[in-house]
Amino acid sequence: MRGILAHLLVIDLTEELGAIAGRMLAELGAEVRRASPGELAWNHGKQPLGPGEAEALLGEADIVLRGPGLDHDTLTAANPALIDVVIAPFLPGGLNGDRPETDLTLMARSGLMAIVGDPDRAPLTLPGQQAYALAGIQAVIGALTALRARAESGRGQLVEVSAYQSAVLANYREPLTWGWTGRIGKRTGNLLIRGKSGVRQVWPCKDGWVTWALVDNPPMMRAMVGLLGDRAGPLAEVNWDTVLVADVARETLVEWEEIVAGFFQSRTRAELGELSARKGLGLSYIDTPEDALASDHLAARGLWREVDGVKLPGPLWLSSLDARP
């Protein structure tokens, strides 16, 4: 089945910032042409542009993805139906519009790094180029919205995307908390802070790590106590229907968590995952990159695609319509 954008021509003039937008449009079926090959994961599926070809194709393209620099009026004078998508660190012409940035500085300025890591250590960023990726996703949303507007008006559109604003939007909780309470978020490490206390989230087990937390979910907590059996100790005395974990003192939670930690360390990830599915524990085990690459389950669901001998994330989405002739 052809992609829904198979009738569109996209010219990708981005550098690293915004490159994933062309990759996503290519996954939707668009013909995406790019001059420089760039990093494989964000650029496979795009077709190369020859010398001088970009200028010639801009007159007939449906969408151009680019950074600041080109003049929008000049572009649309030559192609009034062009959807011009500008992806920049900050909104062009706005505050900080000419300031040089990297993915790291954008992540820091957005506030996301302020809440990632341990409270007694330096802030951390997230793996990869998350601000650049977030901007690319917003650019695709903007381009698709502009296509809808063009279908009604027949006129091209200007879409401007700020990577900084994209990262701030992804950090939805901290800006809202600051706006309503004036409090600035802090790094909490391995604790999920709820109410007056916090609960542990990531735990070592026999062969890796799992995620689980003491929460106000009586069936789940009773299932865990049942599995602990004689080792449950004070956890067996808790009335899970009435206790509010968020109000339990951290010292008490540490005592409870040490009991659970001992149980987790006596089981493998697969054993804990099976128990969770069968007993309703709400537990997940954590895959390493090697685990994900070797997973029969992910392979069977078509997650990967082999490109130039490298296993990369495959289709961004699957549809039952793809199986139709």
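Visitor: Which strand does β10 bridge to, and how many bridges are there?
Guide: In this predicted model, β10 (residues 208-211) is joined to β11 by 2 bridges, and the two run antiparallel. Strands here are DSSP E runs of at least two residues, helices are H or I runs of at least four, and both are numbered from the N terminus. Two strands pair if DSSP finds at least two bridges between them.

Visitor: What's the bridge partner of Thr211?
Guide: Ser284 in β11.

Visitor: And what packs on that sheet?
Guide: Helix α10 (residues 250-265) does, touching β9 and β10, with its direction at about 40° to that of β9. Helix α11 (residues 269-279) also packs there, touching β9, β10 and β11, at about 20° to β10. Contact means heavy atoms within 4.5 Å. The axes are lines fitted to C-alpha atoms, for helices over the stretch in contact, and angles run from 0 to 180 degrees between N-to-C directions.

Visitor: What's the strand order in the sheet?
Guide: It goes β9-β10-β11, an open sheet of 3 strands with antiparallel pairing. The edges are β9 (202-205) and β11 (284-285), each pairing on one side only.

Visitor: What does Glu257 touch?
Guide: Leaving aside residues up to four places away in sequence, Glu257 touches Val199, Arg200, Trp203, Leu214 and Arg250.

Visitor: How is the chain divided into domains?
Guide: Domain 1 covers 9-182 and domain 2 covers 191-286, with bounds from an automatic or database domain assignment. Their C-alpha centres lie 42 Å apart.

Visitor: What about the sheet with β1 in it, what's the order there?
Guide: That open sheet has 6 strands, ordered β3-β2-β1-β4-β5-β6, with parallel pairing. Its edge strands are β3 (47-48) and β6 (157-162). Strand β1 (residues 9-12) is joined to β4 (residues 63-66) by 3 bridges, and Ile11 has Val64 in β4 as its bridge partner.

Visitor: How do α5 and α6 cross?
Guide: The axes of α5 (residues 103-110) and α6 (residues 130-153) come within 7 Å and cross at roughly 80°. That makes α5 roughly perpendicular to α6; the classes are under 35 degrees for roughly parallel, over 145 for roughly antiparallel, 65 to 115 for roughly perpendicular, and oblique for the rest.

Visitor: Which residues meet there?
Guide: Asp103, Leu106 and Met107 in α5 meet Gln130, Ala131 and Tyr132 in α6.

Visitor: Last one: where's Asp308?
Guide: Asp308 is in the loop between β12 and β13, which form a hairpin with 2 residues between them. Phi of Asp308 is near 50°, a positive value in a residue other than glycine. Asp308 is also exposed, at 70% relative accessible area.

Technical notes:
Residues numbered from 1 in each chain as written. Predicted model: local features only at pLDDT ≥ 70, side-chain atom pairs only at ≥ 80, totals over all residues. Heavy atoms only, no water. Buried < 20%, exposed > 50% of the residue type's maximum accessible area, 1.4 Å probe, protein only.
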